[in-house]
Amino acid sequence: MREKRTRKAGRAGWTLCALAGAVLGAAAAPDPPPADPPAPGLSASPAAGGSQDPPPVAPEEVPHLARVWPTGARPTVLRGWEPPASAYGPGHRGVDLAAAVGAEVRSVAAGRVSFAGRVAGRGVVSVELSGTGDPPLRTTFQPVASTVRKGDEVTAGAPLGALTTGTHCPDATCLHWGLRRGRAYLDPLGLLPPWLLAPHPPRLLPVPTDLPLPKAWP
């Protein structure tokens with residue numbers, strides 16, 4: 001009996017030693033290495049609850065859909081489109097057109113008003129251009145006191161509102177005109193055909209009287 005009790009006590013002692021060694025070993029083990037950081041421009045993986053950043057500016061060719069400038073007559077472009085190098089990088093996501101306070105702001109092409117209201121204290125009007133795919137091209141104008149409402153159908157040259165004062169251009173009154181497809185910013189001047197971008201409208205020249213003309217046109 002004494003021998004059995006001795007064996008049981010020995011086994012219990014070895015068990016306690018093994019448990020103590022495991023606990024001490026776990027406490028002394030180094031921490032696992034941290035996971036690799038996400039690649040530049042990306043947040044944590046979707047499995048970890050994160051999501052990718054918005055894509056940078058898309059190098060898309062813009063169709064020449066515009067039939068008028070948003071200010072009517074050809075204005076002075078105070079600042080052009082300066083695409084950012086990344087989604088959140090510095091740049092100028094639109095163009096600034098010189099115009100007087102109260103000037104009429106027009107839709108450059110046919111479409112539907114997708115927004116008309118105030119954003120950060122400034123009046124903003126956005127128009128989704130017809131026949132430009134899914135998601136459609138969307139032009140935005142600010143600061144504008146709108147005369148249209150969301151859902152209104154507009155034609156090229158239709159008035160959207162009047163230019164108001166703003167702080168976008170520090171040294172002049174200007175209309176900020178932007179263009180987007182989804183989350184990608186594009187150059188709104190690309191909507192204008194060459195004849196609208198020309199510094200002067202084309203005009204017919206008089207025919208000289210001494211110019212020989214054919215007797216019959218082919």
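## Contacts and overall fold

The model is predicted: local features need pLDDT of at least 70, side-chain atom pairs count only at pLDDT 80 or more, and totals for chains, interfaces and linings use all residues. Residues are numbered from 1 along each chain as its sequence is written, and side-chain values use heavy atoms, with hydrogens and water left out.

The chain has 2 helices and 11 strands. These are DSSP runs numbered from the N terminus, with at least four residues of H or I for a helix and at least two of E for a strand. Along the sequence the order is α-β-β-β-β-β-β-β-β-β-β-β-α.

## Burial and surface

The protein chain has 218 residues, and 27% of them count as buried, meaning under 20% relative accessible area with a 1.4 Å probe, protein chains only. Its accessible surface (Shrake-Rupley method, 1.4 Å probe) is about 14500 Å², and carbon and sulfur atoms contribute 61% of that.

## The largest pocket

A pocket is an open set of points on a 1 Å grid over the protein atoms alone, with protein on both sides within 12 Å along at least five of seven lines; lining residues have an atom within 4 Å of a point. Volumes are the space filled by probe spheres set on the points, which are joined across faces, edges and corners.

The largest pocket holds about 250 Å³ of space. Its lining consists of 13 residues, with Val124, Thr140, Gln142, Arg180 and Tyr185 nearest the centre. Strands E5 (122-129), E6 (137-142) and E10 (174-181) each give two or more residues to this lining, and E10 supplies the largest share, 4 residues. By class there are 4 nonpolar, 5 polar and 4 charged residues; Ala, Val, Leu, Ile, Met, Phe, Trp, Tyr, Cys and Pro count as nonpolar, Asp, Glu, Lys and Arg as charged, and the others, Gly among them, as polar.

## The disulfide and the cavity

The structure holds 1 disulfide, defined as a pair of cysteine sulfur atoms within 2.5 Å. Cysteine 169 is joined to cysteine 174, with S to S at 2.0 Å. The link is right-handed, at 90 degrees about the S-S bond, and both cysteines are buried.

One cavity of 30 Å³ or more is found in the whole structure, a cavity being a set of points where a 1.4 Å probe fits but cannot get out. The largest cavity has a volume of about 40 Å³. Cys169 and Cys174 are among its lining residues, which also include Pro143, His168 and Ala172. The lining has 4 nonpolar, 6 polar and no charged residues.

Technical notes
Buried < 20%, exposed > 50% of the residue type's maximum accessible area, 1.4 Å probe, protein only.
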